[in-house]
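This report describes a single protein chain for a reader who is new to structural analysis. Please consult the sequence and the model while reading.

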Amino acid sequence: MKKKGYYSSGEFARMAGVTLRTIRYYDKQNILKPSLVTEAGARFYTEEDFAKLQQILLLKYLGFSLDDIRELTIDDVDYHFMLDSLHIQLKLVRDRIEQMQLVEQAIQNTAETIENEKIIDWSSMLNLIHLTGMEKSLKNQYRDASNISARIQLHSLYSQNKQGWFPWIYEQMELCSGMRVLELGCGDGELWKENLRLLPEKVSITLTDISEGMLRDARRKIGNQDKRFEFQALDCHELPFEDGMFDLVTANHMLFYCEDIGKVCGEVRRVLKNGGRFICGTYGRGHMKEISRLVQNFDEKIALSAKRLYERFGMENGAEILNPYFSETGWRQYEDSLLVTDPEPLIAYVLSCHGNQGQYLLNRYSEFRNFVKKKTEEGLRITKEAGIFVCVAGTTML
């Protein structure tokens with residue numbers, strides 16, 4: 001007898017507007033398993049399974065392979081995950097719209113050249129080929145957006161310091177009218193979105209990132225009509241700006257990813273005016289240590305990061321790295337901690353990390369969720385050990 005709220009494979013397929021063969025295939029490929037399998041082998045699905053199917057079908061529509069979809073979806077329908085997933089899917093759709101508009105323009109330009117000049121512009125054709133291959137970057141963009149969203153969400157929900165990280169960073173910047181500002185590794189532009197209403201009218205801000213996808217997100221958040229902002233994709237090891245061009249350079253949790261931190265610091269000093277400031281965020285070895293302890297108590301093989309980024313550039317060694325390039329270097333700590341009372345945002349944060357947790361957690365997801373739920377029932381206190389170095393450019397350069 002069928003349980004209330006459960007649908008047979010055929011009913012589920014009809015309601016979802018897909019074939020029964022598709023539902024069976026997703027089951028076989030471990031992409032969408034039924035919520036109930038009877039002793040007789042009958043498979044049943046629930047309303048919650050529709051949410052997972054919606055995510056799968058959209059990712060498939062956007063060009064992801066089934067292997068990609070298996071990696072990028074998890075078997076959870078908590079509203080935290082689903083709302084976050086819908087926001088990211090909306091971003092992907094907007095990315096695809098922008099890409100298709102570029103392809104449309106490239107095709108028109110190539111066709112007009114052939115019609116008017118009776119020749120083929122090979123550079124335009126090559127550009128078109130590169131544009132039509134842009135979907136290959138969507139997988140990384142999806143992951144980047146998912147990871148950033150999960151990290152910001154955990155902090156915004158449970159931080160005990162109600163000022164917030166980005167408003168605090170903005171306060172330390174001490175922006176004044178007429179200043180020229182450069183941000184390295186702007187990500188999705190959240191720093192500026194949160195503080196737009198506080199910005200002076202006469203200020204020039206150049207936002208840069210190595211990722212075109214991140215820059216697109218930043219443009220959307222800030223708006224293309226705000227003339228105070230410019231956006232540029234670049235490698236921060238070689239900044240395409242004149243000496244002494246900026247009053248302030250900022251880099252939030254970015255330097256430890258750089259291949260040659262010294263070279264980046266040298267470039268920052270070069271583009272800063274004498275007396276200009278460099279503000280760079282990082283964290284210490286105690287930052288979020290309870291999360292690493294939590295996952296290792298669940299499975300000691302899990303490492304949330306292949307590298308200890310604070311060892312490359314952190315609270316403990318940052319001044320030593322910066323001192324050769326700047327006349328003054330000081331540390332300012334953001335006083336805060338987390339008190340996490342729900343498992344889902346914490347799990348999303350864990351899955352966003354750059355370690356090996358995926359291979360150990362996804363097949364044991366329900367078990368891990370129950371484990372985290374018990375740990376957060378009375379509130380899990382998590383240490384935050386983050387802040388900024390504030391550096392001043394002296395009157396002499398290296």
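## Basis of the report

The model is predicted: local features need pLDDT of at least 70, side-chain atom pairs count only at pLDDT 80 or more, and totals for chains, interfaces and linings use all residues. Residues are numbered from 1 along each chain as its sequence is written, and side-chain values use heavy atoms, with hydrogens and water left out.

## Overall make-up

The protein has 17 helices and 12 strands. These elements are DSSP runs numbered from the N terminus, helices being H or I with at least four residues and strands E with at least two. Of the 398 residues, 48% count as buried; buried means under 20% relative accessible area, exposed over 50%, and partly exposed in between, for a 1.4 Å probe and protein chains only.

A contact means heavy atoms within 4.5 Å. Among contacts between residues at least 6 apart in sequence, 79% join residues at least 24 apart.

## The nonpolar cores

A nonpolar core is a set of buried Ala, Val, Leu, Ile, Met, Phe, Trp, Tyr and Cys residues joined through side-chain atoms within 4.5 Å. The largest core has 58 residues, of which Met 173, Leu 184, Trp 192 and Phe 278 touch the most other members. Helix α8 (residues 165-173) supplies the largest share of this core, 6 residues. A second, separate core of 24 residues includes Ile 291, Ile 302, Phe 371 and Val 372.

Not counting residues up to four places away in sequence, Trp 192 touches several residues, including Met 173, Leu 199, Ile 222 and Glu 183.

## A buried charge and its surroundings

Glu 183 lies in strand β4 (residues 180-184). Glu 183 is buried yet has no salt bridge, and the nearest side chain of opposite charge, Lys 221, is 11 Å away. For charge, Lys and Arg count as positive and Asp and Glu as negative, while His and the chain ends are not counted. A salt bridge is a side-chain nitrogen of Lys or Arg within 4 Å of a carboxyl oxygen of Asp or Glu.

What joins the side chains of Glu 183 and Trp 192? A polar contact of 2.5 Å does so; the term denotes a pair of N or O atoms within 3.5 Å, where within protein one must be able to donate a hydrogen and the other to accept it, and residues adjacent in sequence count only if both atoms are side-chain atoms. Glu 183 also touches Thr 206, a residue of strand β5 (residues 204-209). Thr 206 counts as buried because its relative accessibility is 4%.

## Helix α10

Helix α10 spans residues 212-222, and its buried residues include Met 214, Leu 215, Arg 216, Asp 217 and Ile 222. Ser 211 caps the N-terminal end of α10, with a side-chain oxygen 3.1 Å from the backbone nitrogen of Met 214. Just after α10, Gly 223 takes a positive phi of about 100°.

## Aromatic pairs

Rings of Phe, Tyr and Trp (its six-membered ring) pair if their centres lie within 6.5 Å; planes under 30 degrees apart count as stacked, over 60 as edge-to-face and the rest as tilted. By this rule there are 17 aromatic pairs. The rings of Trp 165 and Tyr 334 have centres 5.5 Å apart and planes at 80°, so they are edge-to-face. This pair links distant parts of the chain, with Trp 165 in helix α8 and Tyr 334 in strand β9 (residues 328-334), 169 residues apart. Both Trp 165 and Tyr 334 are buried.
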